[in-house]
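Could you walk me through this structure, starting with the disulfides and then turning to the helices and strands? I would like to follow it with the model open beside me.

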Amino acid sequence: MTGALQSMRNITLAGALGAFALVAACSDNFLTGGELSTDPNRPTQATSAQLFVGVQASTWAELSSDMARVTGMWSQQLLGTNVQYVDLYHYGVSEQITNGFHSALYTGGGLVDIRRLEQQTAAAHDSVFHGVAEVMEALLMGTGADLFGALTYTRALTNDQNPPLDPQLAVYDTVQVLLSRAIVELGATGPTNAGPGVSDLAYGGDASKWIKLAHTLKARFLMHTAEVRPTVYATVASEAKVGIVDAADNFNAVFSGNAQEQNFWYQFDVVQRPGYIAPDPQFVALLKERTDPRLTTYFNADASDLSDARLAPDAPLPLVTANEGLLLWAEGLQRSGNDAGALTRLNQGRALAGLPAEAGTPTGRALLSEILLEEYIANFQSIEAWNLYKRTCTPNLTPVVAGKKIPARFPYDISERNTNTSIPPLSAQPARNANDPANTVSDGTGAACVGQ
Amino acid sequence: MLRLQFRWCRALASAALLAAPASLVAQAATVTGHVASEGGAPLAGVTVSIPGLGVGSATREDGQYTFTVPATRVAGQSVTLNARRVGYTPQTVTVVLNAGTITHDFVLVAAVHELEQVIVTGAGTSQVRERVGSVINTVDSTALTRATQPQNVISSLAATAPNVRVNTQSGEPGASAFVIIRGATSVTGTNQPLIVVDNQPIDNTTLSTNGGDGSTVTQNRAADINPNDVETVQILKGAAASAIYGARAANGVILITTKKGSNGPTRYAITSTQTFDNVIKTAPLQTAFGQGSGGNAGACTAADCNATSLSWGAPLTAGAPVFDHGKEIYHTGLTSDNAISVSGGNQRTTFYLSGGLTDQLGVMRGGNNRYDRSTVKLSATHQLLNTLTFGGNFSYFNTTGEYVQKGSNTSGLLLGALRTPPDFNNQPFLDPISGLQRSYRFPHPTAASTTDSRGYDNPFFVLDNSANRSELGRFLGSLTASWVPTTWVAFNETFGADNYTDSRIEALPLTSSSDPVGSVTRFQITNLEIDHNLTATLSHAFGSNFDSRVVLGQNLNSRRNRQVYVFGDQLIAPTPLALQNTVSFTPTETRSLRHVAGYFGQAELDVYNQLHVTAGVRDDGFSTFGASHRTAAYPKVDAAWTFTNLVGNGGWLSNGRLRAAYGETGREPGAYSTISALSTTALFGSGFGDFIGTKQSGQGGLVTGGNLGNTDLKPERNREAEFGADFGFFHQSSDLSVTYYNKRSTDVILPVPVNAAATGAASALVNGATISNKGLELVANVKPYSSRLVDVTLGGNYGRNIGKVESLFKGVQFIPYNVEGFVGSGGSSTVGYAPGVIRGQDFVRCGRGEKVTLPGVGALANVDSACGAGAKKGALYISGVDNQPVVNPDEGVIADPNPRWTAGLNGQLRIGRVQFSTLFDMRRGGQVWDGTRAALDRFGTAAETNVRTSDGVFGQNILPGEAVAGPGAGKVAFHSLSDWQTWFTTTGGSAGDAQAQFVEDGSFVKWRELSLVYTADQPWVRSHFGVSSALIRVAGRNLHTWTKYKGLDPETNIGGAEFLTQGFDFFQNPQTRSFVVAVTLNR
């Protein structure tokens, strides 16, 4: 009996050990699949329309948040009146002041998603949407070149250890190529060329408006190189001519006014940092002197702050306007010797701003001065006012800190410099960009330039 | 519910395993006897067993025990019969097992050093203490009951074991406890250990609803456990001890074993504890100067006027009413804790059934701070077959709490209270006419001000808010099966689940200063953890001198977490404080699922009953590891040599043992950190708060996420060696244990910035950092005198840990923790310091080779030469321009909150039936940034601002205790009240850059406990009251604190266990002092 019991025990035991081994050896997909391998909180696929909405939001921030405010102070349209803005106003330049707007050229909503959008729209054979994406890329990288100068571009997003910087003028050249190609693609027809449709928050998918925008951007970025390439003026004029010349075609950042969809200036000046900025009295005086109706559209009654209309949560922010286009046209004509044509375009621009036509027929420097001042005023709240000043030393601004020059570029982000040996330390970075040698005289007055 | 998605083969195999056939029946043996103490008194609760057969029972109240050995296992063999009870030296005898009755009586000797105590070593394994080569500290239930914060099982570990550092956030009901074992090993996360209850891992997350700095206190989830159900807590400290838990064990493991029933008569225990709590200390405030600025009164009288926030006004006239705003918000809190348990069993079945009710009403007035917990528990085992025993542990916890807004929060209690000028009466807190909140900064609210900020909330208005609540239901259960088919092999299975839903609301009514339009936050957390742990233990003796044992195991674990957070902004009507009464909602949903498949094996060899060696390995597969590192192996080896078994234990040395251990543990990456994904929550704008989202004008947008997933991510790894020795003296009446350890943590995960132009992302998680922790631990117990009438026991422990971040990542010197602390005094991990240090700015100091711009001297001046010869190293440089110190623009580490050493000291004295106990808790070092004082200096309510009428000289009456040097040293810097106000409201207060001036030494000695227990177990107790014994306990807790710290308490922290960086004092509530009366009835 004991023997039988023993053998039964042994059988049981062997079975149990076998089962145990089976349990232990069961290799399966216990560690992968489903919510184990897929993040249930974050999507990994996006439609072109969804990417484009993100790209627009990111671009609006790049063009009209802190960069526009700080350059507004440096071009002396605004005062910095509190805490960090006092320091920025006094040219306190450090690697932190860009607030990440250098790396934002590349991160989510920036180049990485524009490229993704370009790939997706190309795969879908949607030339119109592809053209739109190229215009966005040109606007973003051209603006990046304006702010920072040389940029990582041809080797961008390649996961290179230390991607090199392309020379600034090479970036502008690429921008022109992109825009030329986009203009062709935006004219495409056929069933696959659906375009962005309602995801296009500025133009509602109207390709003809994108074509105009592309031309005006060509004029803008060509003009930014004019200081070192004086032959571009005629092309500036011819591009501006077929660009945005009607205010109905203005390229605006639009805001619904809901949470996280509000005008940046409203958020900054009304909600987050009231009292940090104020209108610069010199700029206010200039508008008064010219009896410019924009005195009351830009500013409130006592010119102590921006106007309520400009500080509404849903106020659109102009990024590229007919006024800018007409004045680029005018300046291009004037600089290539056509004063009469230039005056016509200047007066068109003045009319848009509610100003009467120029008294008399100014020519030469007098006309140029009028055009440049008009550009300076028209580009309030835009980086373009500062770009104009850098290029033309007009108006001939006196630096607010004696002995200092008005800053002519932003340093690269510290995070980018720390992670890329191709970016020199701040002390070795140039004070001015390649497109923008210091002016000896103010283009508008001919007097010695004091701020550069 | 249990959707573990096991493959069929596993289920089938498990079924086969458990369906083993039964054995036959024949003539049984009955083992019986009596157990008594040296003094002859019967000992109850002594476990008498034959370990080789897995049978036994516990003695009854009369010391008798009886159990039966099934006939199939009775073969005339010699077996060891074992008698053990906590606090006594166990005894083993050999008996011959024959059919019939075998009688054996034991007399047990009391001992403090328990070599033969069986301790749980994790993942279903156990071992006698003497054979374990690594340190496992054991805390028994009596120590837990006596703890300062007995309601929270983690808090109650304070001062019980060396290098187990426990910080309880505050004395508020529901405050969390932070525990860190042998230093932090990671720079992300809060380094809290794994908590395992009866072999089932449980969740111990601390998750604040709206950020640890503000919001309200939040429990650490292990606080749900009813401490009355806890039998012992064992702390696996080193990597060798905890390697069996693999990649979840980097921060150590706390094993909680709950009470079980045993063979014998049914026992009943009823305990009722009433605790009266008071705040220990309130903030020192001045009562001489009123609201105002520059010495002028600053109250305002117009409707809806805004008055100054400062108390830099005119001196108050004698007899004018003043209010102590630190004290008036508190009263006596009451905690009522009632527990009942019934336990017992027979030879085949045991059970333990308990229920607990804890109602804690906090020390803050208003009745809206409370924490109530109800628990029920059933543990039972049944021996189905002679070889097969099933069991189960089932607990249900229900906790509800009401909390008060705290901390860095303009609607927080103390922030408004302590800033209120002494001459302002915060009562009534509602304006008698408008019925709206009035505060010292907004004293005359009209009906037009329903959505206007009050500057800071009136503390009584804060206390009146009853809308910060949590309601939690939690189920913790496990099924166990134990199958011992023959003497040399045993199988054990634990299959359990921990499941809770925490439903919270946090609402701010209209006129709340931090959100005047009102808001409602709903937060719901659901967590489910399922664990399967199967072990096979094979033992074999090679002759009489070699014992071996092999344990093989499998562990499968699944953790599922769901969080739904909805922020409802802007109240429509003043009440109800509910989501549907808000204008707009922002929802966030977060889900995660993590699986673990671990296999472990360990082999143990015992040689000549003196050398014991264990070697093991755990191979862990985690779903959170990168695809290229799907599994990771964690080896361990330890050895213990009881040398006195070789050389003899003559004389005073009764036992001596040397041990050495090496082990590896890990820490898994966060869920989904290997994945690069798109973001719906990216924001575009500047650091000034102007942002837009990806979604615009009704169009959904998506962008590339800012953080790159890293598919190569592997677990962090700790390698730890420890060496130690244990000695028992004078027949085990005294002991000493010494341990040294050296732990190195590599592959520590941290976010590093990446080049955006190259990658399109801003950061990536990498295995980059290295951290070291070295330390020394001492434990000693002495029983200097013992007789039938009097027993004296003294014990102490000492722990020292030196932690250091050796490196982070190339070029990275520190990682800031932006959610921990403040701008100017923020949490960080910095190379060269232990993880969790505070960074900020200091003044320029002499003797450090600093080169900074000094007013009147020049740019980048040599500070040391400006200080002049003979300046003390570290002295403040005092400028000759204004006779004030100069702020150093460079930022660095200003405070290290990690203590240099900690110690606990306890003593027990028994005289007859009266037992006295006491406990002291010591901390040396550990700096605290006293941000509360920084703010109160600025607002002029701190007592130390009374100095405002004197001339001010640095190093004398301003920043006293600081050495000074330089041209302005010793000269008068402040001549008037306005000078003082300027200093305190700018550089010298919370608005200043040099926050290092508010860093203080947080060393303390706390008298944690003094108690007296009278045990009535005389015959008349039974005859008159029908109970076998009655215990009456009177105790005081947190009786006194000796510290130089100027603020409320160096132990508190603004964020609880959700912060790695401790040592922030900013308007959190103080600890409490308690008086306790408890009665226990046993039958």
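Here is a short tour of disulfides, helix pairs and strands.

Please keep in mind that this is a predicted model. A disulfide is a covalent bond between the sulfur atoms of two cysteines. Over all chains, the count comes to three disulfides.

Let us take chain A to begin with. Here A:Cys393 and A:Cys449 are joined, with their sulfur atoms 2.0 Å apart. This pair links distant parts of the chain, 56 residues apart: A:Cys393 lies in the loop between helix 16 (384–392) and helix 17 (414–418) of chain A, while A:Cys449 lies in the segment after helix 17 of chain A. The angle about the S-S bond is 85 degrees, and the link of A:Cys393 and A:Cys449 is right-handed. Are these two cysteines buried or exposed? A:Cys393 has a relative accessible area of 0%, so it is buried. A:Cys449 has a value of 13% and is buried because the cut-off is under 20%.

Chain B holds the disulfide of B:Cys300 and B:Cys305, whose sulfur atoms are 1.9 Å apart. Its torsion about the S-S bond is about 80 degrees, so this disulfide is right-handed. B:Cys300, at 15% relative accessibility, counts as buried, and B:Cys305 is buried with a relative accessible area of 11%.

Still in chain B, B:Cys846 is joined to B:Cys867 by a disulfide, 2.0 Å from S to S. This pair also links distant parts of its chain, 21 residues apart, with B:Cys846 in the loop between strand 45 (837–843) and strand 46 (851–854) of chain B and B:Cys867 in helix 8 (residues 863–867) of chain B. The link of B:Cys846 and B:Cys867 is left-handed, with -85 degrees about the S-S bond. Both B:Cys846 and B:Cys867 are buried.

Now for the helices of chain A. Two packed helices are described by the angle between their axes and the distance between the axes. Look for helix 6 (residues 127–148) of chain A and helix 7 (residues 168–186) of chain A, whose axes come within 8 Å and cross at roughly 160 degrees. Helix 6 and helix 7 of chain A are therefore roughly antiparallel to each other, since angles over 145 degrees count that way. Their crossing, helix 6 with helix 7 of chain A, is left-handed. Which classes of residue make up this contact of helix 6 with helix 7 of chain A? There are 13 nonpolar, five polar and five charged residues in it.

Helix 16 of chain A comes back into view here, with helix 13 (residues 322–335) of chain A. The axes of helix 13 and helix 16 of chain A come within 13 Å and cross at roughly 10 degrees.

Next come the strands of chain B. Strands of a sheet pair through backbone hydrogen bonds, either parallel or antiparallel. In chain B, four strands form an open sheet in the order 3-2-5-7, with antiparallel pairing. Strand 3 (55–58) and strand 7 (91–96) of chain B stand at the edges with a single partner strand each, so one side of each has no neighbour in the sheet. From one strand to the next, the twist averages 20 degrees. Within this part of chain B, strand 5 (residues 78–84) and strand 7 run antiparallel and are joined by six bridges. B:Ser78, for its part, stands opposite B:Val96 in strand 7 of chain B.

The last stop is strand 44 (residues 825–830) of chain B, where six of its six residues are buried. Both of its faces are covered, with B:Ser825, B:Gly827 and B:Ser829 on one side and B:Gly826, B:Ser828 and B:Thr830 on the other. Strand 43 (residues 814–822) of chain B runs antiparallel to strand 44 of chain B, and six bridges join them. Strands 43 and 44 of chain B form a hairpin with two residues between them, and B:Gly824 in the turn has a positive phi of about 95 degrees. Strand 44 of chain B also pairs with strand 45 of chain B in the antiparallel sense, over four bridges. B:Gly827 belongs to both pairings: B:Tyr817 has B:Gly827 as its bridge partner, and B:Gly827 stands opposite B:Ile838 in strand 45 of chain B.

How values were computed:
Residues numbered from 1 in each chain as written. Chains lettered and ligands numbered in written order. Predicted model: local features only at pLDDT ≥ 70, side-chain atom pairs only at ≥ 80, totals over all residues. Heavy atoms only, no water. Disulfide = S-S within 2.5 Å. Buried < 20%, exposed > 50% of the residue type's maximum accessible area, 1.4 Å probe, protein only. Axes fitted to C-alpha atoms, helices over the stretch in contact; angles between N-to-C directions. Parallel < 35°, antiparallel > 145°, perpendicular 65-115°, else oblique. Left-handed = near helix turned anticlockwise from the far one by under 90°. Nonpolar A, V, L, I, M, F, W, Y, C, P; charged D, E, K, R; others polar. Pairing = 2+ DSSP bridges.
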